[in-house]
Amino acid sequence: MNSKPVAWGNFMLEGSPDRLVHRGVPLDLDAHSLMLLRVLLTADGVVPEIRLKSRLTVTAAELMQRAEALNIALAQADPKAGYVAHFPGRGFSLVRLDGKRNSEPSSVVRAPVIGRDRALAALAVLFAHQRLATIVGPGGMGKTTLALEFARRYATEFADGCLVVDLAPVSDPAHVLPALVAVVDLQPWGGDPQARFRAALRHKQVLVVIDNCEHLLEAVAELTQDILTLEGPLRILATSREPLFVNGESVFRIEPLNLAANAAALQLTKALDLAAIQLFVERARAAQPSFSPDQRDVPTLARICQRLDGMPLAIEIAAARVQELGLRELAQQLVERPLVALQAERVSRGRHCSLLQMMDWSFTLLETDQQRTLVRLSVFRGPFTYDAAVFVVSDALLDEGTVEACILALTEKSLIAISATPGTRVLRLLDTTREYADGKLSAMDRAGVRLRHARFLLDLLEGAEANWEKMHPEEWRQTYSAWLHDIRAAIDWSFSDGGDVVLGVSLTIAGIAVAAHAGLMSEFDQRARIALEKLKTFQPRQPLLEALLMALPVIARPSALDLDDSRHADLLWSLDVCRRMGTVRQRLTAPIALWCSAFFSARYDDALRWIKEADQLVRVHGDVPAQRVVTRARALTLGSAGAHAEACALAQDLLAEGRLKGPLLITGSPVSPAVSMRTTMSRSLWCQGLPDQAWGEASEAVRLAVADGPSSVCCALAIGAMPVALWRGDIDAFAALLPQLRDAITEHHAPYWTLWRDMYEQALHLLQQASSAEISALRLEGLQNVVVRYHMWSFRLGTVDQGVVEDAMAGRCGWCGPELLRAAAVPSSSEALLRRALRLADQHGAAGWSLRAASSLAILLSDRCMHRDAIEVLEPAYERFTEGFDTADLRTAGSLLEALR
């Protein structure tokens with residue numbers, strides 16, 4: 001180590017051996033303290049703690065002791081000299097005080113403070129009325145940054161300057177006062193320091209910033225209470241992980257950096273306006289100047305910042321690793337092990353030694369019961385309630401009263417985040433805190449905690465069935481979907497070594513409905529398969545539970561499942577089981593699952609057969625709520641099969657009843673019955689030649705859906721309002737609805753509705769820009785979903801496949817069969833096919849399709865100079881209408897009739 005003499009102010013650090021001299025008088029300091037001083041004197045800015053520990057061969061605790069010894073010696077010799085500052089998560093620096101005694105380190109190059117303008121303004125307003133404010137928050141949330149930035153921005157408001165004291169290096173409460181005295185312009189040491197300190201501050205317009213108070217709360221509280229008795233405009237700004245609990249204290253809880261819930265879907269320019277993403281990008285560019293994210297990176301940036309809970313320190317550390325790992329690899333590591341990804345030994349110099357070190361600091365300040373409570377709370381994967389925490393954490397070692405007190409203490413210490421919702425308090429651990437605490441959970445303790453966690457969730461899900469008919473659908477979804485991360489974790493533990501398989505099976509069955517209504521069934525489908533495999537090993541066999549695990553995932557997610565022959569055979573096996581055992585509602589699961597499979601594959605005859613069996617079962621047993629589910633399914637099937645009048649009558653009867661909810665077990669769709677029935681009616685009314693009434697029902701369905709949730713919005717738009725708009729020929733109305741569908745899909749994250757969105761975007765492009773030749777030449781083989789293909793053809797887009805024509809001729813294409821025949825007949829000028837389309841439309845009572853088929857046939861006959869025959873075909877089809885004369889089909893037919901006459 002360089003041992004050249006270093007001078008500053010009235011001090012000289014001499015070498016060989018090192019000693020510190022003040023005005024010719026040596027100070028009593030040990031060798032390690034002098035070595036620390038030399039490093040800091042010769043360094044440029046903050047020196048990382050890991051480098052100091054390595055260079056001085058000391059532990060973190062010993063390093064803090066040396067810094068404290070230096071501060072005491074410097075304060076006693078010359079309070080104007082400066083002090084050693086500890087920057088949690090960064091390192092140490094020697095702070096030299098300027099003429100105004102503003103002790104913010106001038107040697108440190110300040111990075112811009114991002115996302116704290118509102119907080120700074122709020123603090124300024126607060127200090128207009130209060131004398132003491134404490135910035136409270138967890139480690140790494142930016143308390144020190146906010147306090148120092150406030151002192152810098154508002155320095156001119158304090159005529160006598162700003163005093164900053166960092167208590168992180170101070171471990172002894174007796175040294176709090178000397179640390180404060182060190183930053184006040186006093187005469188050489190002597191007399192009562194507290195009296196002289198008070199005298200120095202009396203009547204001063206000064207801001208005193210006391211940083212890192214959490215480990216010295218009593219001493220700081222006592223001192224600040226004494227300072228506040230002074231007259232004058234003095235203000236105190238403290239930072240701590242918990243309040244000081246001093247009279248007159250205003251607690252200012254620092255929030256995570258702003259990150260919108262829909263950040264992943266934003267355009268790049270808007271995403272970069274979000275504070276969390278802006279901080280990440282700027283710090284990443286500091287480490288890698290060439291870093292320049294594009295639109296494709298927005299979801300990854302949002303995912304990283306969300307994973308880090310908007311914590312500035314964690315974001316900065318993660319950003320520094322972009323150069324080493326790349327953006328996507330960093331995101332993946334943060335998902336798997338955030339604390340490992342944020343280890344700082346490989347982070348660029350001058351940054352955090354370890355987020356783990358900061359958490360160790362907080363953990364060691366806790367009492368034993370508080371530590372035990374915190375590590376047990378790590379079992380929760382998402383937000384949790386106060387009652388849940390007490391149930392899961394309590395045992396013989398920690399009674400409920402102790403747990404309640406510990407939760408309160410951990411909340412005050414900012415280790416548990418809390419937010420108030422109507423009727424309850426919601427608690428949460430930050431992800432990094434949760435992983436740290438989980439690492440402290442012993443194997444013996446872990447098994448008991450996870451078992452209680454799983455049992456609590458099963459009780460919760462059993463209550464969900466009862467609350468299903470009492471709560472508003474969106475309230476119910478929000479209440480129970482918030483637990484899905486925990487339910488998944490509990491199921492995974494149940495099926496692991498040392499878990500409880502029976503409990504896991506019960507959780508899976510009970511959790512399927514919640515996952516379905518939250519739009520997150522894809523992961524539960526896989527867990528249901530695992531549960532089924534586990535269950536098949538049981539002796540004796542549990543056929544009813546096996547049947548439920550086969551049927552329920554199909555009810556919950558029918559449109560997204562690929563039911564191969566094996567899975568269809570499983571459903572038939574479950575049907576046989578359900579015919580012989582179980583409650584009425586359990587027995588309904590198999591026929592309803594088979595109905596779902598058939599209905600979403602457009603096999604409407606099969607769907608009617610299965611729903612008829614379900615209908616017979618509920619009628620025999622008089623289960624009125626279950627009857628609602630079956631009636632809803634019958635109305636959907638009849639409307640899709642082309643029985644429009646009967647479908648509308650059933651839908652109207654169900655809506656007139658008022659009570660629409662059915663049992664949760666067999667209500668797989670998260671779409672409101674009020675929405676799905678009006679959506680079905682809108683299509684059937686259009687087909688029946690009532691386009692204005694159809695638009696009215698579709699519009700009402702959209703209005704109700706907005707209040708219900710994104711699944712209902714997707715259904716009301718994709719299957720109701722948007723098709724009706726296109727069938728009416730109103731492309732402008734259709735285009736206006738498309739952004740609403742995009743927004744709902746972004747919120748719902750459902751692949752099924754994404755398919756509809758993609759189809760509609762393609763349809764709008766074709767209708768607005770493509771030529772008629774391009775439209776007629778469009779091939780739809782790439783669209784695997786037959787229902788989506790039927791809709792595209794009904795919009796007069798693309799060429800109908802020959803195989804589909806054969807299905808339509810056999811009556812297997814349901815509601816759009818007449819239009820498919822008409823569309824197939826036009827290119828080949830097939831009169832026979834057009835007349836067949838007319839007959840099928842008349843069988844369905846579908847005046848809308850009849851008019852289209854009659855118009856196409858009339859054009860064909862007119863081209864053959866058979867004008868009277870053309871009129872005889874078109875006129876009765878046109879005269880059946882009593883409304884909708886401003887729609888495209890009726891305008892075209894009316895103009896054609898006039899020309900023919």
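His 203 is exposed, with a relative accessible area of 53%; here exposed means over 50%, buried under 20% and partly exposed in between, with a 1.4 Å probe and protein chains only. The model is a predicted one, where local features need pLDDT of at least 70, side-chain atom pairs count only at pLDDT 80 or more, and totals for chains, interfaces and linings use all residues. Residues are numbered from 1 along each chain as its sequence is written, and side-chain values use heavy atoms, leaving out hydrogens and water.

Stay with His 203 for a moment: its phi is positive, about 65 degrees, although it is not a glycine. You will find His 203 in the loop between helix 7 (193–201) and strand 9 (207–211). Helices (H or I, at least four residues) and strands (E, at least two) are DSSP runs numbered from the N terminus.

Now move along to Asp 309, a non-glycine residue with a positive phi of about 60 degrees. Asp 309 sits in the loop between helix 11 (298–307) and helix 12 (312–319). Is Asp 309 buried or exposed? At 10% relative accessibility, Asp 309 counts as buried.

The peptide bond leading from Gln 539 to Pro 540 is cis, and its omega is near 0 degrees. As background, most residues other than glycine have a negative phi, and most peptide bonds are trans.
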